[in-house]
Amino acid sequence: MRTAMAGAEVGDNVIDTDPTIVRLEERAADMLGMEAALWTPSGTMANLIALSLQLQRGDRFLAPRGAHVLANELGSAAWLAGGMPDPVDHDAGPGRPTPATVRAAVGPPNGPYYTLRTTLLSLENTHNAAGGAVTPPEEHAQLVATARDCGLNVHLDGARLWNAAAALDLPPAALTVGVDSVSACLSKGLGAPVGSVVAGTAEFVERARRMRQMLGGGVRQGGVLAAAGLVALDRVDDLERDHANARALAAGLAELGWDVEEPQTNILLAAVPDVALALERLRGSGILALPMAGKVRFVLHRDVSDDDVEEALRRIREERG
């Protein structure tokens, strides 16, 4: 990846175009089943661009409870995009509302002028805070159809869409059908040091390019970073190894008495009596994890090997005495 970055063909991506960024955007759009895509420095910026272009000030938008756009993007959806966020519960399974819940949340059409106007449904696949939970294509289609019937646009936060596709053995485009916009990360499990994309129609991406510049996301010789993204897209098929390692870690922790569920992808959540204490003990054993949704979150990625999982379990076993 560093070799690809060092040898990248570059241009000025603010004044005209950078050829490597163009190649990345075209490839990402094709993989996501969208007309066009735009490189952004981060997934948070990609989501913010999508929400900013699809919300008017004071519009209400719905997202599954605990979604990244609600809990982990510093309120930018409200502060900068001007939307009123409203969570919907996971009554279809982890990270997934039912169509009936979405319809009820939207409420009756043509309410009094002083009521909130709901205009957007923001989905997340995989759902980070639900433990990397996957939304299968049939449920995705039902949610999109319900949103359309209620007059809503649909944005998909697909930061880990590649993981969902790998878990379901489907192309990523099978999980974006019907959405107006989708974001996807090139970092995280794919290993790029920086970068995401936001995709939609060609007209949407032209507007997104202006919004990216407003947010300070225009870069000059960005091909140096896009080259890493192109290598990352070659690695989507590697993600199943991370999923297998997550399952192995979950099985090992369960044998040690931890309260865990078998992960669907590369994220494992463990319920513990005291999250801060558990993290401190893990850190003392040289194992780094983070808090998430009131639990301990372990994330498996390409830099964690099968042997690393076994070593982590050994250290946890020894720490218990």
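This report walks through a predicted model, from its annotated span to its helices and a few single residues.

**Basis**

The model is predicted: local features need pLDDT of at least 70, side-chain atom pairs count only at pLDDT 80 or more, and totals for chains, interfaces and linings use all residues. Residues are numbered from 1 along each chain as its sequence is written, and side-chain values use heavy atoms, with hydrogens and water left out.

**The annotated span**

UniProt, in an unreviewed entry, lists residues 1–270 as "domain: Aromatic amino acid beta-eliminating lyase/threonine aldolase". Such positions are given in the numbering used here, feature names are shortened, and annotations may be inferred rather than shown by experiment. The span is 40% helix and 16% strand. Its end C-alpha atoms lie 33 Å apart. Helices (H or I, at least four residues) and strands (E, at least two) are DSSP runs, numbered from the N terminus.

Helix α6 covers residues 99–106. Its buried residues are T101, V102, A105 and V106. They sit on the same side of α6, because they cover an arc of only 135° around the axis. The arc is that of the directions from the helix axis to the C-beta atoms. On the other side, A100 and A104 are exposed. Buried means under 20% relative accessible area, exposed over 50%, and partly exposed in between (1.4 Å probe, protein chains only).

What covers the buried residues? The cover includes strands β2 (60–64), β3 (84–88) and β4 (118–124), along with helix α7 (137–149). After α6 comes G107, with a positive phi near 85°.

D89 belongs to the loop between β3 and α6. It counts as partly exposed, at 41% relative accessibility. Leaving aside neighbours within four places in sequence, D89 is in contact (heavy atoms within 4.5 Å) with R65, R96, P97 and T101. T101 is also one of the buried residues of α6. The C-alpha atoms of D89 and A105 are separated by 9.9 Å, and the two residues are 16 apart along the chain.

Axes are lines fitted to C-alpha atoms, for helices over the stretch in contact, and angles run from 0 to 180 degrees between N-to-C directions.

| Helix pair | Axes come within | Crossing angle |
|---|---|---|
| α3 (43–54) and α9 (202–214) | 10 Å | roughly 115° |
| α8 (161–168) and α11 (239–255) | 9 Å | roughly 80° |

The angle of roughly 115° makes α3 roughly perpendicular to α9. Angles of 65 to 115 degrees count as roughly perpendicular, under 35 as roughly parallel, over 145 as roughly antiparallel and the rest as oblique. On the α3 side, the contact is made by M45, I49, A50, S52, L53 and Q54. On the α9 side, F204, R207, A208, M211 and R212 take part.

For the other pair, the angle of roughly 80° makes α8 roughly perpendicular to α11. Here W162, N163, A166 and A167 of α8 meet L239, E240 and H243 of α11.

**Backbone details**

Which peptide bond is cis? The bond from N125 to T126 is, with omega near 0°. T126 lies in the loop between β4 and α7.

L74 is not a glycine, yet its phi is positive, near 55°. It lies in the loop between α4 (68–71) and α5 (76–79). At 81% relative accessibility, L74 is exposed.

K188, also a residue other than glycine, has a positive phi near 50°. Its loop runs between β6 (181–185) and β7 (196–200). K188 is partly exposed, at 39% relative accessibility.
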